[in-house]
Amino acid sequence: MGREAFARRRRPRALGALRTAGYYAVVGIVMLPTVFVFYWMITLSLKTQVEAAGYPPHFFHFAVTLTNYAEVFRKNPFPQYVWNSFVVAAGSTLLGLAAGLPAAFSIARWRQHGLALTVLVARIIPGISYLIPWYVLFRRAHLVDTYEALILTHLVVGLPLIIWVMAGFFEDVPPDLTEAALIDGCSHYGAFWRVALPLVRPGIVAAAILSFIFSWNNFLFSVILAGRHTRTLPIAVFNMINYEEISWGPLAAAATMITIPVIVLTLIVQRHIVSGLTLGAVKH
Amino acid sequence: MALIIVYPVVYTGWMSLHGWFASTLSPPKFVGLANYQRLLTGDVRFHEAFFRTLYFAALVVAAETALGLAMALLFNREFWGRGLVRTLSILPMVATPTAIALIFVMMFHPTLGVMNYLVTHAGFGPLTWTYSSRTALYALALVDVWEWTPLVMLIALAGLAALPREPYEAALIDGATGVRTLWHITLPLLRPVLIVAVLFRAIDAIKTFDIIFVMTQGGPSNASETINLLLFNQAFAYFNIGYASSMAVALFAIVMGVSLILIKVRRTAW
């Protein structure tokens, strides 16, 4: 009798534990593809030439080596590419903030739907229809293969992100605060600069990082407008591909090195990424 | 703003009315709507690319919406590790597409790739992935689905978090089961949010460029040549600026048209 009661009490809890375990198993399976691609990238970069192209592939047991990373640096001016990517991403982000912060402030304050619509249309316009005129223009002005051309064009990637993320942040600033500043004799510019801007500092960090990431990743504009002196990382890695010869280790090492800064930055701004990608249509 | 957005758009529209090879010294020649006429009636390769683009976009958006929604429903509860799942989900969207494409090129390799090792062990036999014209578009779609399903999932998750409580309480009192609640309450309430997700995915899917360019360059034998790829080659391999500009206008019209349809769908009730 006592035993029976005990068993009856025990059973639902055991069932609960089983269900929890089952739930975590499903979550694990669902997340496996996401994790596996990154795992494969990193492990390929750490394998020797023989093991990287070995079949059947080794999933866990392999000799770890850094020769692939050494080879990337030996065969390519890799630090130069990193610097190029950094200059372009940082330059376009700073310019984007200079133009985007006032624009976002005015969208949030005065509900400038026209401007908002312009940003949406800018998102719809295929990147390549900007690229043709830019190419013609920059070639005529001898600006192909300059930082200036790349920074200006990457602005098209970063500016809409900055405007939309920041419009969301400026909307959360109580209008009373900026109005009080105006009554106290501040100009509109002063109210923006001294009152609103310090309040949205976390937003500025998020918007800046997002703009930086998407410039860092940009392939289309750079593949045409970058040249020998300004080649950015994605283009450099693309040029390293040799479809005939299989030298996977160094390629995976280069891919890992491009991706790591992005992942580190992402961890800082992950809350704002969805809002940035959907032009503020979805907030968290 | 004027220089980087308005000028290019106006210029592209104007050049689409011209015949001009940027590789020659002769100046652009005004040809009226001849480029558009060629697009609509003469260019078989463009027609194929047009339908291929829409097919690819429909394929990936449908798959991403279904999978993203299913994942959001799965993750829509408190559990230990939820933050980690969210963080991991963001990584495919922000990782450099060139790097990701490169890794998939290696994973798809027909004889040495890990994908064929895995599918063979699962009993599907080796596949040709991006290495044959029959399967290339689907392999590319798989990469896109890997990259962007998390976006739909995160949007849907945000939508689920914002749903009102009352309909569920009423349903519980009426004795509705889980599946019926999902079908009659959750999905209808989630519809506007899902359409936003579909809108943003459709805009970007039609314009997919990086992964296709890196992995197949439109091949093998044009099997994955979307409008964007064809346009890129017209502009920057043949320097046929006039014709390429008309294609760019057409591509813009397609993306705009799809966006307007989706925005209209969002406004109408079912």
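**Burial and backbone geometry in a predicted model**

Trainee: What percentage of the residues of chain B count as buried?

Mentor: This is a predicted model, in which local features need pLDDT of at least 70, side-chain atom pairs count only at pLDDT 80 or more, and totals for chains, interfaces and linings use all residues. Residues are numbered from 1 along each chain as its sequence is written, while chains are lettered from A and ligands numbered from 1 in the order in which they are written. A residue is buried if 20 or more other C-beta atoms, placed from the backbone, lie within 10 Å of its own, exposed if 12 or fewer, and partly exposed in between. Of the 270 residues of chain B, the buried share is 44%.

Trainee: How many helices and strands are there in chain B?

Mentor: Both are DSSP runs numbered from the N terminus: helices are H or I with at least four residues, strands E with at least two. Along the sequence, chain B reads α-β-β-α-α-α-α-α-α-α-α-α-α-α. The count is 12 helices and 2 strands.

Trainee: Is Ser221(B) buried or exposed?

Mentor: Ser221(B) sits in the loop between helix H10 (210-215) and helix H11 (227-236) of chain B. Its phi is near 40°, a positive value in a residue other than glycine. Because 10 other C-beta atoms lie within 10 Å, Ser221(B) is exposed.

Trainee: How does Asp145(A) count, buried or partly exposed?

Mentor: Asp145(A) belongs to the loop between helix H6 (127-140) and helix H7 (147-171) of chain A, and its phi, near 65°, is positive although the residue is not glycine. Asp145(A) has 15 C-beta neighbours inside 10 Å, so it counts as partly exposed.
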